[in-house]
Structure formats: structure tokens, C-alpha cells
Amino acid sequence: MKNTVQTFKEAKKNHTKLAMLTAYDYSTAKLQDEAGIHGILVGDSLGNVILGYEDTISVTMEDMIHHGAAVARGAKNALVVVDMPFMSYQTSVYDAVVNAGRLMKEGRANAVKLEGGVSVCPQIKAITDAGIPVMAHLGLTPQSINAFGGFKVQGKNEAAARKLIDDAKAVEEAGAFALVLECVPAKLAKIISEQLTIPTIGIGAGAGCDGQILVYQDMLGMFSDYTPKFVKRFAEVGSVMKEAFTNYIKEVQAETYPAEEHTFKIDDEVLEKLY
């Protein structure tokens, strides 16, 4: 059954936990979709894990459209959410709607995601008024990493915690259908989740959220530049891949690959006519 904005809302109402992962290509999206994942986020984290940037700031609309369309072709049942990259929505409400529309039309998204609270509520309202579903994102918002001064847990003091609660209520009121909470203390995330009617999707925010999301390279041990505290490795795919690559190199150099069963035949009579 196709996952939609409505099925996400129903999951919250029925206390059914939602599972999301990132994906950036057709093959990975197809595997996740076949496994039964509820939602796939084409995250601007592709800047880190796909393009090798130190942050997400350099990711462009063209990057998101290109990878979004690839994922959409592989995901038949998962809800495909595409990130709005840095400065694609902060500049004006008009820019936000135009760029969200591009992600839907060209990137084949089912919904878009943007970072921020009260300050981006006019954009959320305008985008949703245009018929485009919006997933909000609070807590550690990577596009604001320079303002935060690094990757730090958010909402740890009273003022910051109150602001997170206020921002969460504001994005819900503006029309967001779901909210990602990143690097938020578990007890605070649970309080926020209980006060909202829309589902919360946690990443480093504890089990009290209505769902969870991880970067798939993190949970498979494929990205080793850094590993956040909240990541659990569900498989060591990175090690398996490196072992396979090493074995391939050895067999090529030893001339044991390709073997006879990997080759195509030609009649000797044909070859004799070549001389």
C-alpha cells in the first residue's frame, strides 16, 4: 500500500511507529521500498555521504532534483520526501514555493522538507497552500551548523527547550504534516511528540518520537568519516564491500577472474578464417 501524508497521520493516531531512511539512488530506494520502509528522505546529507562535502551548505537544487527523481523511480510504496537545500527557501516566500514546486515536478517528490521554526512558517503555509506537503525539521538543523558553532544537541536549557516546543507548535499550525526532531534530548522530544497531532520523526531524539530516521550509510557502516552517537549499525556492509573489492583486485591480478564460465565462446572455424 502506498504511504502518503494521510497514512503518516493515521500512524500517529494508531500509535504505529514509522520507519524512514535516506536514499539517493534508484537501486537503494528499490531495496528499501521492497523491505517495506514507510518513507524515504532524499536528504541534503547527500552532500556529505555522496558528494564528499564537509557540510550540506553546498548542495544545490539541481543536486536534489537529480537524486530525488532517481529515488522516486525506485520507490513504489514509500513516501518520498526531498530536502529543500540551503537558500532555496530562506530568501523569500516566493522562492520557497517556486523551488518546492520544482522538487515536486522535476524531482518527483511526494513532499518536501525544510529546516526551521517560527521564522519559516510563512514559507510552510505558502507551500502547503500551493498543495505541496511539507515536513518540518527542528533541533540540530544542519543548514544552520555555522550559526550553532558545530554539531551540538539542541534544547538543553529552559529557554532553548521552550523555543523548541513553541517552534514545533508553530510549524504544525502553519501546515506541516510531520516534524523531524534531530539531536534533541529524549525526554524533551517525547513531550513535544505528545503535544502535537502530527507525527514526529526522530534522529538522535529517543524512542518517544512517532518514528525514526537514519542515514542509510551510517546504519550499514558504509560512511566512516564520523559516526554520531545516536547511530546503531544494523550491518557492517562497508566491511563486506571492502572485502569484495579486495578479492576482486586479487583475482584480476592472479588471472583467476574472469574464469571460463564468465566468458563467451566463438567457433574455432570462424577464428581460422581471420588468419
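Is methionine 87 buried, partly exposed or exposed? Methionine 87 is partly exposed, with a relative accessible area of 41%. This residue is taken up again below, after an outline of the chain as a whole.

## Overall picture

The model described here is predicted. The chain has 275 residues, and 48% of them count as buried. Its C-alpha trace spans about 85 × 40 × 35 Å along the principal axes.

Twelve helices and eight strands make up the assigned secondary structure of the chain. Eleven salt bridges are present in the structure, while the number of disulfides is zero.

## Backbone features

Methionine 87 sits in the loop between strand 3 (79-83) and helix 5. Its phi is near 70 degrees, a positive value in a residue other than glycine. Arginine 108 also has a positive phi, near 60 degrees, and is likewise a residue other than glycine. The place of arginine 108 is the loop between helix 5 and strand 4 (111-115).

A cis peptide bond is found between tyrosine 257 and proline 258, with omega at about 0 degrees. Proline 258 belongs to the loop between helix 11 (237-254) and helix 12. For context, most residues other than glycine have a negative phi, and most peptide bonds are trans.

## Salt bridges around arginine 102

Arginine 102 pairs with glutamate 62 in a salt bridge, where the closest N and O atoms are 3.5 Å apart. Because arginine 102 lies in helix 5 (residues 93-105) and glutamate 62 in helix 4 (residues 61-74), the pair ties together parts that are 40 residues apart in sequence. Both partners are partly exposed: arginine 102 has a relative accessible area of 24%, and glutamate 62 has a relative accessibility of 49%.

Arginine 102 forms a salt bridge with glutamate 106 as well, and here the closest N and O atoms are 2.8 Å apart. Glutamate 106 counts as partly exposed, at 40% relative accessibility.

Another salt bridge links the side chains of aspartate 129 and lysine 125, at 2.9 Å from N to O. These two residues are four apart in helix 6 (residues 121-129), so about one helical turn separates them. Aspartate 129 counts as exposed at 57% relative accessibility, whereas lysine 125 is partly exposed at 46%. Returning to the bridges of arginine 102, shared partners join Glu62, Arg102 and Glu106 into one network.

Lysine 125 can also be placed relative to valine 93. The two residues are 32 apart in sequence, and their C-alpha atoms are 9.2 Å apart in space. Valine 93 is part of helix 5 and is partly exposed, with a relative accessible area of 34%.

Cysteine 209 is in no disulfide either, and its nearest cysteine sulfur, that of cysteine 183, is 11 Å away. A disulfide would need the two sulfur atoms to be within 2.5 Å.

Cysteine 121 is buried, with a relative accessible area of 12%. Cysteine 209 counts as buried too, at 0% relative accessibility.

## Surface patches at the end of the chain

Which residues gather in a patch of negative charge on the surface? They are Asp267, Asp268, Glu269 and Glu272. One of them, aspartate 268, is in helix 12 (residues 268-272). Aspartate 268 counts as exposed because its relative accessibility is 56%, and the cut-off for exposed is over 50%.

A nonpolar surface patch of about 580 Å² is formed by Ile266, Val270, Leu271, Leu274 and Tyr275. Within this group, tyrosine 275 lies in the segment after helix 12. Tyrosine 275 is exposed, with a relative accessible area of 85%.

Technical notes. Residues numbered from 1 in each chain as written. Predicted model: local features only at pLDDT ≥ 70, side-chain atom pairs only at ≥ 80, totals over all residues. Heavy atoms only, no water. Patch = residues over 30% accessible without salt bridge, like charges linked within 9 Å, V, L, I, M, F, W, Y side chains within 5 Å. Areas by Shrake-Rupley, 256 points an atom, 1.4 Å probe, with all protein chains shown as cover. Salt bridge = Lys/Arg side-chain N within 4 Å of Asp/Glu carboxyl O. Lys, Arg positive; Asp, Glu negative; His and termini not counted. Charge placed at Lys NZ, Arg CZ, Asp CG, Glu CD. Buried < 20%, exposed > 50% of the residue type's maximum accessible area, 1.4 Å probe, protein only.
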